[in-house]
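Please look over the following structure as a reader meeting it for the first time.

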Amino acid sequence: MVRADAPGKIILFGEHAVVYGQPAIAAPLHAVRATAVAEPALPVSGLTVHAPDIDRTLRLEALDGGPDEPLHNALVFPIQVALRYLGLPIPDLRMTVRSTIPIASGLGSGAALATALVRALCAALGHSLTNDELNPLIFRVEQRHHGTPSGIDNTVIVYEQPVYFVSGTGPQPFTIARPFTLLVADTGHGSFTHETVGDVRRLHEAAPAQVAAIFAEIGGIARQARALIEAGEFTPLGPLMDSNHDLLRQLTVSSDTLDRLCAAARAAGAWGAKLSGGGRGGNIIALVDDERAGPVAEALRAAGAVNVIQTVVRAPEQALPCSPSR
Ligand code: PMV
């Protein structure tokens, strides 16, 4: 039996604008994870994927095709992609996946499930994929989920490191001078990234110059944020998060609940707060001094957050690979 896992993720700056070539910053969220286990199955029994959290079992019928529906795309498509990449037939395996990452909440659940599944599959078959090989495979799964993903989710989750990311260029090495603390607060409302990304695309088509200016402003914020994080100056990061949130509101991807949670975090002493991920639902992140983390978390719960996770963003132990890949 082999086991593999992958973390959730949060986007610190730059979501949506990253789809249009602007930089974004994201970090792994280690507190929530997807896990996959692969066990040998009886000869000629084929491959099944069991998801006990939702009490569903899916069978891999072929290396290609199958319905374009969320469960198949999440649990079967990653395995088809990996087997085709490895040039292998369908093995006799029983795979089981579990995840503590809430779905449709901007925390990278789809990319983490796919990463855990493909890693467990490869380990069971005696193939080891490098992260540079795995990342484009998970990107393909993201394309199936979202149509036009920037590639940020698969990149931060596969490398499990904070990344400064520009679509098409792969992860860029990036220093974090000192660790800093974020609270991740869940609205409890799900939202589909392909819908918010589609709405932003329609907004851009309707008013190209105005919306491109918003993307450029968000990109400028991500660049400034990188410089501050590299310098270890966190207090000015807060207002940058607030400005990024306002720009995302202008892109119509915030919601009353997201706005309310951000306001509650700021009022309780967070340095800044913004929605994280696709928006309309999902999570906000709030930047806090460690001493304020407890009261801000309390204020977020009082304002309706269904869950609050405290996480520390820190420098990776190893440098990012320099070879661009996506
Ligand atoms: O999957 P989510 O909800 O974290 O959103 C991903 C971030 C977007 O910028 C909205 C889309 C993308 O592909 O980068």
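How many of the eight residues of helix 5 (residues 152-159) are buried? In this predicted model, eight of the eight are buried, so helix 5 is largely enclosed by the rest of the structure. The buried residues run from Ile152, Asp153, Asn154 and Thr155 to Val156, Ile157, Val158 and Tyr159. The elements that cover them include strand 1 and strand 2, helix 3 (109-124) and helix 4 (131-146), as well as strand 6 and strand 7. After helix 5 comes Glu160, which has a positive phi, near 50°.

Helix 5 also has a part in the largest pocket, as one of the elements that each supply at least two residues of its lining. Rolling a probe the size of a water molecule over the atoms shows where empty space is left. The largest pocket holds about 1000 Å³ of space. Its lining consists of 47 residues, and those nearest the centre of the pocket are Ala104, Ser109, Gly110, His145 and His146. Strand 1, strand 5 (93-99), helix 3, helix 4 and helix 6 (193-206) are also among the elements that each give at least two residues to this lining, while helix 1 gives the most, with five residues. Sorted by class, the lining has 20 nonpolar, 19 polar and eight charged residues.

The aromatic rings are the next subject. A pair of aromatic rings is described by the distance of the centres and the angle of the planes. The structure holds three aromatic pairs. One of them joins Tyr20 and Phe215, which are stacked, with 4.3 Å from centre to centre and 15° between the planes. This pair links distant parts of the chain, 195 residues apart: Tyr20 belongs to the loop between strand 1 (2-13) and strand 2 (24-40), and Phe215 to helix 7 (residues 208-231). Tyr20 counts as partly exposed because its relative accessibility is 29%, whereas Phe215, at 3%, counts as buried.

Another pair is formed by Tyr164 and Phe174, whose ring centres are 6.4 Å apart; their planes stand at 50°, so the pair is tilted. Tyr164 lies in strand 6 (residues 163-166), and Phe174 is found 10 residues away in the loop between strand 7 (170-172) and strand 8 (180-186). Tyr164 counts as buried at 7% relative accessibility, and Phe174 is buried with a relative accessible area of 10%.

Charged groups also meet rings. The charged end of Arg226 sits over the ring of Tyr164, 4.2 Å from its centre. Over the ring of Phe77 sits the charged end of Arg144, 4.4 Å from the ring centre.

How values were computed: Residues are numbered from 1 along each chain as its sequence is written. This is a predicted model: local features need pLDDT of at least 70, side-chain atom pairs count only at pLDDT 80 or more; totals for chains, interfaces and linings use all residues. Side-chain values use heavy atoms; hydrogens and water are left out. Rings of Phe, Tyr and Trp (its six-membered ring) pair if their centres lie within 6.5 Å; planes under 30 degrees apart count as stacked, over 60 as edge-to-face and the rest as tilted. Helices (H or I, at least four residues) and strands (E, at least two) are DSSP runs, numbered from the N terminus. Buried means under 20% relative accessible area, exposed over 50%, partly exposed in between (1.4 Å probe, protein chains only). A charge sits over a ring if NZ of Lys or CZ of Arg is within 6 Å of the ring centre and within 35 degrees of the ring normal. Contact means heavy atoms within 4.5 Å. On a 1 Å grid over the protein atoms alone, a cavity is a set of points where a 1.4 Å probe fits but cannot get out, and a pocket is an open set with protein on both sides within 12 Å along at least five of seven lines; lining residues have an atom within 4 Å of a point. Grid points are joined across faces, edges and corners, and a volume is the space filled by probe spheres set on the points. Ala, Val, Leu, Ile, Met, Phe, Trp, Tyr, Cys and Pro count as nonpolar, Asp, Glu, Lys and Arg as charged, and the others, Gly among them, as polar.
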